[in-house]
Amino acid sequence: MSSSASAAGGAGEEGGAAAAAQPQQEGPVVTCKGVNGLEKVVLREVRGSSAEVYLYGGHVTSWKDEHGEELLFVSNKAIFKPPKAIRGGIPICFPQFSNFGNLDPHGFARNRTWSVENDPPPFPVPTSNKAYVDLILTHTEEDLKIWPHSYEFRLRVALGPGGDLMLTSRIRNTNADGKPFSFTFAYHTYFSISDISEVRVEGLETLDYLDNLQERNRYTEQGDAIVFESELDRIYLGTPSKIAIIDHEKKRTFVVRKGGLPDAVVWNPWDKKAKAMSDFGDDEYKRMVCVEAAAIEKPITLKPGEEWTGKLELSAVPSSYYSGQLDPDRVLQDSSVPEDSIS
């Protein structure tokens, strides 16, 4: 089930490295070849924002605002070659986050080739915009050997009218043997920033977190915001539906809104770990921060026929608009995701 398919818009130009990026056709949804000939889908919103999704990994690798400025970080050393996961953008961690289980770290969804699904089951609230694509991943025989469960993982990537980026994951247990399965999950989002010393993360104050640098011991956040002065790798628990990443130098704030994802991972590798990663530049840690909507501490369990929904909505606004609370009454554009998010 790992073969790729075409989306509306037809095939585009062949290409090498970064130059492969721009397809020749216009339109809200265009399929073309990306780096190393890997197939990708380019989404364009009428006001000029865009996003790119590789079928390999169901992986969002680009999100640009209406001025064409890139908002996601992808390493200059990223290896666009299976079976290596792409370093940066929004890797999807499923069915396992990190080493919370027996699989390879972060599971296998980010190492599989997804298919475009032209007629998915209807969404509770349909996307009014035309700039979206539906992808699907199902088990392969190889997957069953390492994780013996049948599933359907549907992913919708959409651009909102204001350039917001929305990812909706729907994971269904299709086991014929009547057995439930459990999984952990994360949208491992890499944000592009001016300099890590200029960034603060707000919305996680006073919360408990597991410190991955301290054997996952549990601590309570003491600061009024998270700032970065050395390597940081934490899983915040019971987090609010909205988190802000404030970039003082760019005077820009990323707002992360999420549904069905109670945890939030905050990560920056700093210099030593950056040097140890072959697909990451030695100084690139200064220009990225990961803030990841996740479900880790309490794995999601699905009985056969049950479906879980996890939503992520990203927006970028001038920091002058952000004064501690940004539209406190505003929730996810599709607010139909219930708190337990399983149906």
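Not counting residues up to four places away in sequence, I171 touches F94, E152, F153, F181, F183, F185, L302, E306, E307 and W308; contact here means heavy atoms within 4.5 Å. The structure is a predicted model, in which local features need pLDDT of at least 70 and side-chain atom pairs count only at pLDDT 80 or more, while totals for chains, interfaces and linings use all residues. Residues are numbered from 1 along each chain as its sequence is written, and side-chain values use heavy atoms, with hydrogens and water left out.

I171 is found in strand β9 (residues 165-173). Strands and helices are DSSP runs numbered from the N terminus, a strand being E with at least two residues and a helix H or I with at least four. I171 counts as buried because its relative accessibility is 0%. Buried means under 20% relative accessible area, exposed means over 50%, and partly exposed lies in between (1.4 Å probe, protein chains only). One of the residues that I171 touches, E307, is 136 residues away in sequence, yet the two are 5.4 Å apart in space, C-alpha to C-alpha.

F183, a contact of I171, has its own set of partners. Leaving aside neighbours within four places in sequence, F183 is in contact with F94, P95, W147, I171, P299, I300, L302 and W308. F183 is also among the residues with the most contacts inside the largest nonpolar core, together with F94, F153, L165, F185 and F228. That core has 73 residues. A nonpolar core is a set of buried Ala, Val, Leu, Ile, Met, Phe, Trp, Tyr and Cys residues joined through side-chain atoms within 4.5 Å. Strand β20 (residues 288-302) gives the largest share of this core, eight residues. Apart from it lies another core, of nine residues, including F97, L237, V265 and I296.

Aromatic rings come next. A search of the whole structure finds 25 aromatic pairs. Rings of Phe, Tyr and Trp (its six-membered ring) pair if their centres lie within 6.5 Å; planes under 30 degrees apart count as stacked, over 60 as edge-to-face and the rest as tilted. The F94 and Y151 pair is edge-to-face because the ring planes stand at 65°, with the centres 5.5 Å apart. This pair links distant parts of the chain, 57 residues apart: F94 is in the loop between β5 (92-93) and β6 (115-116), and Y151 is in strand β8 (residues 151-159). F94 is buried, with a relative accessible area of 0%, and Y151 is buried at 1%. Both belong to one aromatic cluster, which also holds F108, W114, W147, F153, F181, F183, F185, Y187 and W308.

Which way do the residues of strand β19 point? D263, V265 and W267 point one way, A264, V266 and N268 point the other way, and all are buried. Strand β19 (residues 263-268) is thus mostly covered, with six of its six residues buried. Strand β16 (residues 232-236) and β19 pair in the antiparallel sense over five bridges; two strands pair if DSSP finds at least two bridges between them. Within this pairing, A264 in β19 is the bridge partner of Y236. β19 also pairs with β20, antiparallel and over five bridges, and here V291 in β20 is the bridge partner of V266.

Strand β12 (residues 199-202) has two pairings to follow. With strand β17 (residues 242-247), β12 pairs in the antiparallel sense over four bridges, and V201 has I245 in β17 as its bridge partner. With strand β15 (residues 226-227), β12 pairs in the antiparallel sense over two bridges, and V201 stands opposite I226 in β15.

Another sheet is open, with four strands in the order β1-β2-β3-β4 and antiparallel pairing. Its edge strands, β1 (29-33) and β4 (59-64), each pair on one side only. Strand β2 (residues 39-44) runs antiparallel to strand β3 (residues 50-54), and five bridges join them; among these residues, K40 has Y54 in β3 as its bridge partner.

Finally, the chain as a whole has two helices and 21 strands. Buried residues make up 56% of its 343 residues. Among contacts between residues at least 6 apart in sequence, 63% join residues at least 24 apart.
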